[in-house]
Amino acid sequence: MKRFIIAVALVVVSLAGSAQNLRANLDESVKPGDNFWQYAVGTWLKNNPLDGEHPMNGGFVDLSELNKKRVNALIMKYAGEKNLPQGSDGQKIGSLYRLYMDTVSRNKMGYEPILPYLNQVRALKTREELLKKMYELDAKGFNTAPFSLYLGLNPFNSSEYIMSADHGGTTLDHEDYAQPNEQQQAVVAATKSLNKDLLKMVGNSDADAERMMQAAWAVEYRIGMKELDQVAQRDPHKTNHIMSWEQLLNDFKGIDYVAYRDALQLPKDIDEVNVGELDALHEVEKVLAETSVEDLKAYMELKIVRTYREYLSDAFEERSFEADKAITGVTEQQPRWKRAVSFLSGMLDETIGKLYVKEYFPESSKQRVYRLVKDLQQALEDRLKENTWMSDSTKAKAIEKLHTMYINVGYPNKWEDMEKFIDIRENENLVENFIRIRVEYRAARIRKNWRKPVDKTIMPFSPQTVNACYAPPFNSINFPAAILQPPFFDPEADYAANYGAIGAVIGHEISHGFDDQGCQFDKDGNLKNWWTEADKAKFDERTKVLADWFSQQEALPGLKVNGEKTLGENIGDNGGIQVAYRAFENRMKQEPLGQLEGFTPAQRFFLAYARMWANNITDEFLAYCVNSDVHSPHIFRVNAALPMIDSWYDAFNIQPTDKMFIPKEKRALVW
């Protein structure tokens with residue numbers, strides 16, 4: 001529901017251990033300079049094997065599990081209340097929870113909730129009928145159109161809303177369709193097997209399901225192969241193209257955008273459109289013109305089933321989980337109550353977020369973290385002023401952008417209050433509820449925002465989300481309440497640990513404003529160059545050191561990290577550590593710390609940072625992350641990141657004979 005926000009997320013994990021009892025997680029048989037990851041968290045890794053429910057463990061998972069229990073407790077206050085006023089927050093939460101948890105009714109219905117829509121597709125005869133129905137069903141949330149038109153932000157003038165048009169229809173990344181490696185081949189095989197079985201589960205014979213699956217796959221394969229790869233997608237100039245509405249209609253005649261606009265009940269006074277990937281959208285035109293009606297019907301039918309499988313009987317969720325097992329290596333499905341928490345947190349994120357903040361996030365924590373953010377901003381300003389490779393004019397603009405950043409801590413300073421338009425009716429099934437919510441919510445958002453100034457204080461995460469992000473169009477940094485709690489951020493902890501953990505997170509997000517993508521947006525969030533040509537060339541030269549270095553890191557035999565794809569996150573880590581350490585040093589000048597458990601404050605800083613990324617992970621999920629995620633695997637966010645940090649060498653007396661040693665002249669120094 002917040003597609004218009006371009007967010008650079010950290011996908012953070014919390015401290016895997018207390019700020020105290022520092023040695024509990026260490027493997028002191030390993031030298032810090034040989035394998036700092038193993039040294040800092042080796043005992044933790046040994047003592048915390050994976051369970052069957054998670055493909056990865058660690059502090060992030062621990063904190064997510066804690067939050068699920070907390071949100072579940074909030075939901076339970078309303079789960080048994082059936083006489084609350086219609087439209088009240090409690091009624092919405094309770095009714096939606098009961099609908100989701102009513103497995104008796106859902107299993108009895110099977111796929112009956114989507115059968116009327118499947119029959120509408122099955123009855124289609126002509127291409128004209130099909131396209132009209134494709135638009136109509138897509139407007140109801142069935143994802144039947146392999147393209148989109150939605151309210152977004154103008155990247156070149158982020159203070160205004162604009163309609164955005166792009167391709168769709170794919171379920172995987174471009175690289176998965178190309179299938180260059182074994183894991184991606186496994187993802188494709190599991191996806192195709194799941195698709196065939198889903199089609200069989202809604203009444204198609206084995207032979208028909210096979211034919212329909214192959215036809216649907218051919219559609220998304222054609223589009224997926226025309227998509228930009230993940231590296232090219234990092235260039236916002238390749239994914240944003242402003243044109244007039246008339247030009248859109250002229251350049252993309254193969255899509256009836258007028259009919260589609262009207263089906264979505266979008267405003268008729270659209271004058272400009274931001275078009276995404278041009279080649280992929282042109283391929284959509286060809287697909288719609290060249291694919292047979294029967295094959296397009298197969299594609300639409302599969303989309304209907306895939307979109308709403310979570311709202312049907314247990315059989316659909318269980319079959320979907322079998323695909324997850326093949327892709328991620330998990331062996332146990334999460335219990336239904338956890339799935340319900342995730343479902344409700346997505347559908348009623350702000351409603352539940354308000355309750356979460358009231359119960360679990362005191363104002364004192366908000367103010368303490370806000371102070372940390374200001375400390376980190378000052379630290380980066382210090383480092384920018386000391387910068388030797390950037391001209392004074394670019395420095396001034398960087399510092400201006402730094403202090404123009406909008407800071408969201410815990411929860412937004414102003415709630416959007418869009419969920420007042422959500423109407424949960426317990427006498428209807430989940431599918432019908434979602435269809436109505438989709439239509440009503442889209443209409444409400446248009447009414448609120450069309451032709452209105454953009455509110456730059458919008459927070460792209462709900463408070464109960466364990467994550468953090470930088471949003472380029474808003475030039476904002478965002479830290480939801482769920483991550484700002486022990487053991488990730490501990491108000492009672494030694495500040496050396498807090499700067500090493502949450503401080504590095506804050507620094508990471510601030511640094512995203514100056515990574516390979518963020519640096520292309522100015523202080524107002526507009527896609528606009530503010531660099532001199534010489535400064536940008538020096539920046540690219542310095543960041544290439546990181547790209548080349550991380551491309552050498554081998555996650556699994558034969559599978560290396562893509563340093564270009566992960567460059568933004570690696571810049572974020574590099575800058576985040578540097579800036580957090582400078583803030584830590586500044587604080588030490590005011591409030592000196594001594595040793596604790598035999599460790600200096602500087603050592604505690606880096607131990608806290610390393611523990612933040614402690615995790616065990618299945619080989620399948622590790623390979624999946626390397627292929628699909630813009631973040632480097634956790635081990636490399638320690639063992640590949642820290643050798644670039646001079647202060648780490650000083651803290652642990654790292655010597656040239658140590659395995660992780662990199663000569664100073666070869667270390668990346670960006671921010």
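How many residues apart are R371 and D375 in helix α17, and by about how many helical turns are they separated? They sit 4 residues apart in helix α17 (residues 363-386), so about one helical turn separates them. R371 forms a salt bridge with D375, with the closest N and O atoms 3.7 Å apart; a salt bridge here is a side-chain nitrogen of Lys or Arg within 4 Å of a carboxyl oxygen of Asp or Glu.

The model is predicted: local features need pLDDT of at least 70, side-chain atom pairs count only at pLDDT 80 or more, and totals for chains, interfaces and linings use all residues. Residues are numbered from 1 along each chain as its sequence is written, and side-chain values use heavy atoms, leaving out hydrogens and water. The chain averages a pLDDT (the predictor's confidence in each residue, from 0 to 100) of 94, and 97% of the residues score at least 70. Over residues 1-8, though, pLDDT stays under 50, and over residues 10-19 it also stays under 50. Where pLDDT is low, the predicted coordinates should not be read in detail.

Now for the sheet. β2 and β3 (residues 157-167) run antiparallel, joined by 8 bridges, and N154 stands opposite N157 in β3.

Elsewhere, 5 bridges join β6 to the parallel strand β8 (residues 476-480). In β6 (residues 406-410), 4 of the 5 residues are buried, so the rest of the structure largely encloses this strand. Buried means under 20% relative accessible area, exposed over 50%, and partly exposed in between (1.4 Å probe, protein chains only).

Back to salt bridges: the structure holds 44 of them. E359 pairs with K77, the closest N and O atoms being 3.8 Å apart. E359 is in helix α16 and K77 in helix α2, so this pair ties together parts 282 residues apart in sequence. R222 and E283 also meet in a salt bridge (2.9 Å, N to O), linking helix α9 (residues 206-226) to helix α12 across 61 residues. R222 is partly exposed at 27% relative accessible area, whereas E283 is buried at 7%.

Terms used: Helices (H or I, at least four residues) and strands (E, at least two) are DSSP runs, numbered from the N terminus. Two strands pair if DSSP finds at least two bridges between them. Contact means heavy atoms within 4.5 Å.
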